[in-house]
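Hello,

Here is the structure I promised to pass on.

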Amino acid sequence: MEKIAVLTSGGDAPGMNAAIRAVVRRGIFKGLDVYGVQRGFKGLIDGDFVKMNHGSVGDIIQRGGTILQCAHFEDFETVEVQQQMLAQLKENDIDGLVVIGGNDSFKCAGNLNAQGFSTIGIPSTIDNDMAGTEYTIGFDTAVNTAVKAVDNIRDTAFSHDRNYVIEVMGRHAGDIALWSGMCSGAESIIIPEADHDLEDVVDRIKREYERGKTHSIVVVAEGVGKGIGREVGKIIQEKTGFDTKVIILGHVQRGGSPSAYDRMRGSQMGAKAVDLLVKGERGVMVGLKNGGLIHTPFEEVAKEKHLLDLNVHQLARSLSI
């Protein structure tokens, strides 16, 4: 192992730059030449490699997004495309590749590994929806962004005796909704992992109104269904007659300076990925379990399913009575 490369793929997430920085500097520390691949797997096919040094990753740990940029790429399943990637890696004398991304990114990394090329994955997605790890880079920052937004909105909800339905990101998982709803004291939280009864949501709002509380917050995960935020808002408005507004936070949750936690985990996972390559490990994803770093084969990650702790959902319900 003499030359390695690193790329970011899929959606950007705060903390990716911390992981890039760690891969580059740990690699140099281990005596390796390190290259960055611009624009993910699309850049890999195009041979868009850039030599990285200490200065390449200076002053980036505090920046959101990714300095290597991302590009959605859906053709990685074809053998022809995989051969093009492998040809570029061979032409540039790359011995190992670190892929920072989510499930689809690791499918591509796994395909390359299956054809004999050493790859290591670092889980990075604000949705926190990956198996094989309790945490993915970007989740903490996204949750804090959502919590801050809900806190701000609640000020207006109180001032105007108004209900707000806030739709947060989470394409397949309700982690952001659950954590941000719990930590902001939302009166109801709707997630894809748990059954939801909109009549119950309406009844809770009515009971609170009878107690003298004239505003409420409902947090909804986008993964429950297309347009779910607007649907919930419409039903609440119709069945209660109370002024109800819908806010879709959208991609504001992706950006911003990463939290200290995301910087720490990004740094640890980046360094661990390099250490694994140097030791001869391949075809695995770095992950977090019980507070420590682990690594799991891509095949196992693909077979398993991310599980959300529904005990937190029950706790949130019991505290929002």
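What covers the buried residues of H6? Before the answer, a word on the source: this is a predicted model, in which local features need pLDDT of at least 70 and side-chain atom pairs count only at pLDDT 80 or more, while totals for chains, interfaces and linings use all residues. Residues are numbered from 1 along each chain as its sequence is written, and side-chain values use heavy atoms, with hydrogens and water left out.

Now to helix H6, residues 175-183. Its buried residues are Asp175, Ile176, Ala177, Leu178, Ser180 and Gly181 (buried means under 20% relative accessible area, with a 1.4 Å probe and protein chains only). The cover over them includes H5, H11 and the strands S6 (163-168), S7 (188-190) and S8 (216-221). Helices (H or I, at least four residues) and strands (E, at least two) are DSSP runs, numbered from the N terminus. Just after H6, Gly185 takes a positive phi of about 70 degrees.

From H11 (residues 310-319), I picked out His313. His313 counts as buried because its relative accessibility is 7%. Leaving aside residues up to four places away in sequence, His313 touches Leu178, Ile189, Ile191 and Ala194 (contact means heavy atoms within 4.5 Å).

Next, the cores. A nonpolar core is a set of buried Ala, Val, Leu, Ile, Met, Phe, Trp, Tyr and Cys residues joined through side-chain atoms within 4.5 Å. The largest one has 55 residues, and those with the most contacts inside it are Val98, Ile100, Ile122, Ile166, Val168, Ile176 and Ile217. Helix H5 (residues 139-160) gives the largest share of this core, nine residues. Another core, of 25 residues, lies apart from it, and includes Val37, Leu86, Phe117 and Phe298.

As for the whole protein, there are 11 helices and 11 strands. The radius of gyration is 22 Å, close to the 20 Å that the globule rule gives for 321 residues, so the protein is as compact as a globular protein of that length. That radius is taken over C-alpha atoms, and the rule is 2.2 Å times the number of residues to the power 0.38. The C-alpha atoms fill a box of roughly 70 × 35 × 35 Å along the principal axes. Of the 321 residues, 53% count as buried. Among contacts with a separation of 6 or more, 73% come from residues 24 or more positions apart.

Best wishes

Technical notes
Buried means under 20% relative accessible area, exposed over 50%, partly exposed in between (1.4 Å probe, protein chains only).
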